[in-house]
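Here is a walk through one protein model, from the whole chain down to single residues. Keep the viewer open as you read.

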Amino acid sequence: MLEECLSGLNLKENGVYFDGTLGGAGHSYEILRRAKNSVLYATDLDEYGIARAKEKLKDFDGRFFIFHGNFKNFPEIAERENLGGFDGVLLDLGMSSFQIDDKSRGFSYLAENEPLDMRMNKEVSFTARDVINGYSEKDLARILKDYGEEKFASKIAKSIAEARKTKEITTCGELVGIVEKAIPVKFRYENGHPAKRTFQAVRIEVNGELEGLYEAIVSLTRLLKKGGRIAVISFHSLEDRIVKRAFKELATDCICDKSLPVCVCGKKKEAEVITKHPITASSEELAENSRSKSAKLRIAEKI
Ligand SMILES: C[S@@+](CC[C@H](N)C(=O)[O-])C[C@H]1O[C@@H](n2cnc3c(N)ncnc32)[C@H](O)[C@@H]1O
């Protein structure tokens, strides 16, 4: 969804951009290449990813500034450093392919003896092992259902709780084995790999991916200049619902009760939603990258 996203951002020469999810710097590279003389600020939770991205962006030295940290904290940095007036903000949520491909990071259900880790930010001590061994059966079932949209959430949570009574669950392979056995054979391979949804759910929990997302979208939009655009790519329905709700909030005037004769809330519309319906991946992109199947792009413009 690179092209759709870049064209949706309406890139300009001499622009100021923020990429909150730098990742492999695919989007950042194109922003710097296409928007001549522009400046890019970026954040990522993953220090290893940042080192790779810096290498990729080296042709644009002096035009980009990268911060290791959560994009949710960027509005504060922007205020402190007086960086207001952005032309574009991009959030490409979720994880990068280099994170999944490196099995030692524990994100992949194809990993075996690798530790249950799943941290994007290695400075944080909380890992997937803590979730799997420390959460109550009820909380496990809740995150598997809510973040993984896993039909067999309760069964899997029960099997995890049972298995850890004898031994702490420490590797990706052990978790995969437990999940596989918990799903009835008939449904096991119904929707891709049986552990796919469990791994997604645990990763979202470990990295607190949904916490503060709504507030971050609202405050990052407020960093934009008039006519500046925010593009957000999400990968699952809960995330997309948050993006949609934040854009709706930004695009709404007065929210007073209709029975009141005059507005008392003082709320003013701050943005226009450009994508009435989310943009999804083209058939060419789907053929190249199956992960793009669940991607949804929404764009709004500051007024
Ligand atoms: C889908 S990838 C981005 C790919 C990137 N657009 C590219 O072109 O290569 C998401 C990246 O965002 C990072 N990330 C996820 N949540 C984050 C957050 N709240 N703050 C900062 N970075 C985050 C992940 O570490 C990952 O590298």
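Among contacts in the chain between residues at least 6 apart in sequence, what percentage join residues at least 24 apart? It's 65%, where a contact means that two C-beta atoms, placed from the backbone, lie within 7 Å.

Before going further, a word on what you're looking at. This is a predicted model, so local features need pLDDT of at least 70 and side-chain atom pairs count only at pLDDT 80 or more, while totals for chains, interfaces and linings use all residues. Residues are numbered from 1 along each chain as its sequence is written.

**The whole chain**

You'll find 14 helices and eight strands; helices (H or I, at least four residues) and strands (E, at least two) are DSSP runs numbered from the N terminus. The C-alpha atoms fill a box of roughly 60 × 60 × 40 Å along the principal axes. The radius of gyration, taken over C-alpha atoms, is compared with a globule rule of 2.2 Å times the number of residues to the power 0.38. For 303 residues a compact globule would come out near 19 Å, and the chain's 21 Å agrees with that.

Of the 303 residues, 43% count as buried. Buried means 20 or more other C-beta atoms within 10 Å of the residue's own, exposed means 12 or fewer, and partly exposed is in between, with C-beta atoms placed from the backbone.

**Two domains**

The domain assignment gives domain 1 (2-94 + 210-302) and domain 2 (103-206); such bounds come from an automatic or database assignment. Their C-alpha centres lie 30 Å apart. Five residues of domain 1 are in contact with six of domain 2. On the domain 1 side, that's three nonpolar, no polar and two charged residues. For these classes, Ala, Val, Leu, Ile, Met, Phe, Trp, Tyr, Cys and Pro count as nonpolar, Asp, Glu, Lys and Arg as charged, and the others, Gly among them, as polar.

Strand β5 (residues 224-234) is mostly covered, with eight of its 11 residues buried.

**Helix α11**

Helix α11 (residues 196-206) is largely enclosed by the rest of the structure, because 10 of its 11 residues are buried. Among them are Phe-199, Val-202 and Ile-204, along with the charged-class Arg-197, Arg-203 and Glu-205. The cover over these buried residues includes α6, α7 (137-148), α8 (153-166) and α9 (172-182). After α11 comes Gly-208, which has a positive phi near 50°.

**Around the ligand**

Some 21 residues surround the ligand, the closest being Thr-21, Gly-23, Gly-24, Gly-26 and Asp-92; to count as near, a residue's C-beta atom, placed from the backbone, must lie within 6 Å. The elements giving two or more residues to this shell are α2 (26-34) and β2 (39-44). By class, the shell splits into five nonpolar, 11 polar and five charged residues.

Is Glu-123 buried or exposed? Glu-123 counts as exposed because it has 9 C-beta neighbours inside 10 Å. Glu-123 sits in the loop between α5 (97-101) and α6 (128-134). From Glu-123 to Leu-45 is 78 residues in sequence and 9.1 Å in space, C-alpha to C-alpha.
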